[in-house]
Amino acid sequence: MTLTPELRTKLRKLLDEQIPAGGSDADTRFSDADIDELLSEAANIYGAAAAGWTLKASMFQREAGQIQSYSVGQERYEMANPKDLMEYALKM
């Protein structure tokens, strides 16, 4: 597969990892080098996306931490369940 900016952008869309306006690849979970690696190791863009979502599953688990919910005064915060995030990423 020939790596092009358009192919990188499409893979970012498939991974739901778009670079924010005014931002850079450092503002996402995957650097441009990571995107290039996924693309170069896969037979096609959909294989790269599948590998990327598998990597995201492990990232979600690490990012979510262990706290499920907490409250401060009358405010209540509930974190996403790491298992749910991981299952979502693996289904993608």
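This is a predicted model: local features need pLDDT of at least 70, side-chain atom pairs count only at pLDDT 80 or more; totals for chains, interfaces and linings use all residues.
What joins the side chains of Asp36 and Arg8? A polar contact of 2.4 Å does.

## Overall layout

The protein chain has four helices and two strands. Read from the N terminus, the elements run α-α-α-β-β-α. The chain has 92 residues, of which 26% count as buried.

Contacts can also be sorted by sequence separation. Take those in the protein chain with a separation of 6 or more: residues 24 or more positions apart account for 50% of them.

## Helix H1 and its two sides

Helix H1 spans residues 5-14. Its buried residues are Leu7, Leu11 and Arg12. Viewed down the axis of H1, these buried residues fall within an arc of 140°, so they line one face of the helix. An α-helix has 3.6 residues a turn, so residues three or four places apart point the same way.

The other side of H1 carries exposed residues: Pro5, Glu6 and Lys13.

## Packing of H1 against H2

Two packed helices are described by the angle between their axes and the distance between the axes. For H1 and H2 the angle is about 95°, and the axes are 10 Å apart. An angle of 65 to 115 degrees counts as roughly perpendicular. H1 and H2 are therefore roughly perpendicular to each other.

Which residues meet across this pair of helices? From H1 come Leu7, Arg8, Leu11 and Arg12. From H2 come Asp32, Ile35, Asp36, Leu38 and Leu39. By class, the contact of H1 with H2 has five nonpolar and four charged residues, and no polar ones.

## Asp36 in H2

Asp36 sits in helix H2. Is Asp36 buried or exposed? Its relative accessible area is 19%. The cut-off for buried is under 20%, so Asp36 is buried.

Set aside the neighbours within four places in sequence, and Asp36 is in contact with Leu3 and Arg8. Arg8 is also the partner of Asp36 in the 2.4 Å polar contact between side chains.

Asp16 lies in the loop between helix H1 (5-14) and helix H2 (32-41). Its place is just after H1, and there Asp16 takes a positive phi of about 55°. Most residues other than glycine have a negative phi.

Asp16 has a relative accessibility of 53%. Exposed means over 50%, so Asp16 counts as exposed. Asp36, by contrast, is buried.

Methods:
Residues are numbered from 1 along each chain as its sequence is written. Side-chain values use heavy atoms; hydrogens and water are left out. Buried means under 20% relative accessible area, exposed over 50%, partly exposed in between (1.4 Å probe, protein chains only). The arc is that of the directions from the helix axis to the C-beta atoms. Axes are lines fitted to C-alpha atoms, for helices over the stretch in contact, and angles run from 0 to 180 degrees between N-to-C directions. Angles under 35 degrees count as roughly parallel, over 145 as roughly antiparallel, 65 to 115 as roughly perpendicular and the rest as oblique. Contact means heavy atoms within 4.5 Å. Ala, Val, Leu, Ile, Met, Phe, Trp, Tyr, Cys and Pro count as nonpolar, Asp, Glu, Lys and Arg as charged, and the others, Gly among them, as polar. A polar contact is a pair of N or O atoms within 3.5 Å; within protein, one must be able to donate a hydrogen and the other to accept it, and residues adjacent in sequence count only if both atoms are side-chain atoms.
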